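Here is a short tour of aromatic rings and their neighbours. Please have the model open as you read.

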Amino acid sequence: MSERATREETVDVVWSGSWVAERLGVALEGDGELQELLGLALRRNPKRAHLLVSNVLGKHVPQRPSVVHGAGFALGERVRALLGAQEARRAVVLGYAETATGLGHAVADGLRDAPYLHSTRRPVAGVEQAGGFEESHSHATSHLLLPEDRDLLASGGTGADASVLVLVDDEFSTGNTVLNTIRALHALHPRERYVIVALVDMRSAGDRDRLTVFAAEIGARVDLVTRSTGTVALPDGVLERGQALVAAQEAEQAEQAGRAAHAAHAGRAEGSAGAAEDAASAPVTRVDLDWPAGVPDGGRHGFTPAHRAALEAALPAMADRIAAELGDAAGPAPRRVLVLGFEELMYAPLRLGTALEAALGSDAEVRYSTTTRSPVLAVDDPGYAIRTRLVFPAHDDPADGPGDRYAYNVAGAGFDAVVAVVDSTADTPELHAPDGLLARLAEHTGHVLLAVLPSYVPATAAPTGVPGTPTPAPERQEPAVLPEPLRGPDFSSYAPEDVGWLLQDLSDTELEAPTEEREEAIQSGGAHYAESLPVEYQPSAEYQALFTAALEASAARIARAVGTVTETVLAERGPRPVLVSLARAGTPVGVLMRRWAQHRHGLDLPHYAISIVRGRGIDATALRWLAAHHDPADVVFVDGWTGKGAITRELAAAIEEFENSGGPAGFDPEISVLADPGGCVRTYGTREDFLIPSACLNSTVSGLISRTVLRADLVGPDDFHGGKFYRELADSDVSGLFLDTVAARFDEVAGQVETAAKELLAADRAPTWEGWAAVERISEEYGIHDVNLVKPGVGETTRVLLRRVPWKILAKRGAGADLEHIRLLAEQRGVPVEEVDDLPYSCVGLIHPRFTRGATGADGKAVQGA
């Protein structure tokens, strides 16, 4: 079968990438058929806004099943010709979930005698992993390798050494994922040859050189087989303009949807009978395929040549059953039919589609595509690759938790019937729910057929039954899931909708230690500050009165900063950002930003609190949870203020390390803060160093939650970091008072916020790092020689006095009411306050640089001269 014969007979006059190309200047440069194979779409991603959309993969764009299978089959034939028939029989084919599972299977068909395995994101109880990895550029979760035959990757199930591993992906863009997979598998099963297969090779020259170097590094031959080759030309500034374009389109679509909903509501109120919801839904009919016993529904656990032969023999009869059900439907026989697969379940629906093409012949036009996890912007324009999208909840109890799923280019495509193909694990109440996939399909077609394939369970996992056959009950697997967020009132005094804490509850664990003991252990290197907690400071009546007065005096100022930073975030990060505050100082700010968005715009923004620990990085399990439930590109990290920018740097390094280690990509490490006196971030409410009263107290202004804890004996690799809920301090809790006092000033400052936000959005907000330079200077001038012991700004100085062993306080000469609580705390702890000039902050707290019990006294208060 030639490659030209596998193409669609007609090609749209308008290239499905022209909409993006015209607006952003993105261009595909390569061989003649590149634009036939690929269109362009957009998504909100801080690293790459554009998306290459294949016209022959059968994922996002409905295509003739014979075209989709033929594209992969032809690549497999080329690999067979490259290897020779004898070596092809000793090859193993590995495909990547979810996009390339069907493509990889078709490549294996082209090799004829090779067994096939694809990675999976679905854990299966009782099946041991043979390996795993994560895609650095994906928003989704871990890839697992779960072969039923543990020797499949080593020997292809033959008992002899498998000579070649063939790795199949839809697009070879940088090569990182494939090369990382080869490196990992080569360590387990070294071999002399690898073949990489993709529909398109879009690597840069530098990435091509890396493949050559990599092959020499592992001492193996690495060949590449692709259908088409090219590059993506990206003009300067395309990422920023792409993000802005996506945000504008989403805002416009949200506005149009709101107008349509309003019009529909008004029409119903007037007795109009034309609303879509009043129309009869298409019927949903189950079709019994009589799937062949012992044949897996896909390559999740391996698919052998014997399985392939059994499936080929059964396909015509299964297609006839589908055709008969379509013919029995009321009304005229369907002329245009879509076979819709389900995420990783691509190959079985694809082959049912090819058989249905043959069964219906010229009487019907058959197309094939699948649902997907990937969120992509839809634009109804012939020059754009994703014209429409259906959104529905996941219906297979995914291991990484619930979330939205998508079907593209189905709505409005004129399909008379849709054949939805799922496995039994995904045949759940969610599938049949009023907002589920079947209901969404029924809105856009005349008839929906549901075909359910038995989920294959390997013999190693089957408690009963014949090895290699599906276990009759239970049909659904119950994989381990990521932990769920904690919410008030069970954890924290905040309302449950205010924040979800991505922490584990350590309230019953004794973690507090005297301040002087903690300081000695921290500075000596014997312990990390996050391994214990300071004893919660309980303010005196005088200090409590000072907090109350400071809150009343600064509430409007804080409200302005909250409004300004929130409006900046909404303008730059889209209409529905996901607020993720850095626990715990950032959490009151996150709650206030959420309240501003709700009060001023009617938005109900998600808000979570996450732990980040200086020197240890961010909570990777929490990031995985966020990626499983939201698009990482929507996540906006929030903190209270910047000091010298240590956490700003820590977060950027932690996100980079997380992605490099295989974590889901797309998180933007920029932090949004109320106050940025250090000049460390782009998104802020103000760069003045002023008193944020929430810095004056500890847990009693932060929902009664402790600082976060990271200790190896308490926090495992799949756990959230820890925290404590101090229920016993409820009588002293002012968390609600702080929020309500600030929120009460929102309307008062709305006009000022509008002006300030416009000015900031038009200004150069590049970080100056002025604070970092000042900290380095102070560290040297005062003989400290450790920037970690210099804590600049009102908030950080307050923390020094409440949690650490302070040496002295530097106060900017002339600083007024913002430092009243600092002076009171310093007096209570016997710490000198030194008035200084030329300070970019209102004050700076210095931790004692040579801490011992003798230097500070047993109570940590009697600080002596250094």
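## A buried tryptophan and its partner

Trp625 counts as buried, with a relative accessibility of 2% (buried means under 20% relative accessible area, exposed over 50%, partly exposed in between, with a 1.4 Å probe and protein chains only). Tyr608 is buried too, at 7%. The two form an edge-to-face aromatic pair, 5.1 Å centre to centre with 65 degrees between the planes. Rings of Phe, Tyr and Trp (its six-membered ring) pair if their centres lie within 6.5 Å; planes under 30 degrees apart are stacked, over 60 edge-to-face, and the rest tilted.

Tyr608 belongs to strand 23 (residues 607–610) and Trp625 to helix 17 (residues 620–629), so their pair ties together parts 17 residues apart in sequence. Helices (H or I, at least four residues) and strands (E, at least two) are DSSP runs, numbered from the N terminus.

## How the model is read

This is a predicted model: local features need pLDDT of at least 70, side-chain atom pairs count only at pLDDT 80 or more, and totals for chains, interfaces and linings use all residues. Residues are numbered from 1 along each chain as its sequence is written, and side-chain values use heavy atoms, leaving out hydrogens and water.

## Other ring contacts

The count of aromatic pairs comes to 10. One of them is edge-to-face, joining Trp596 and Phe746 at 4.9 Å centre to centre and 75 degrees between the planes. Ring pairs also link Phe491, Tyr494, Trp501 and Phe725 into a cluster.
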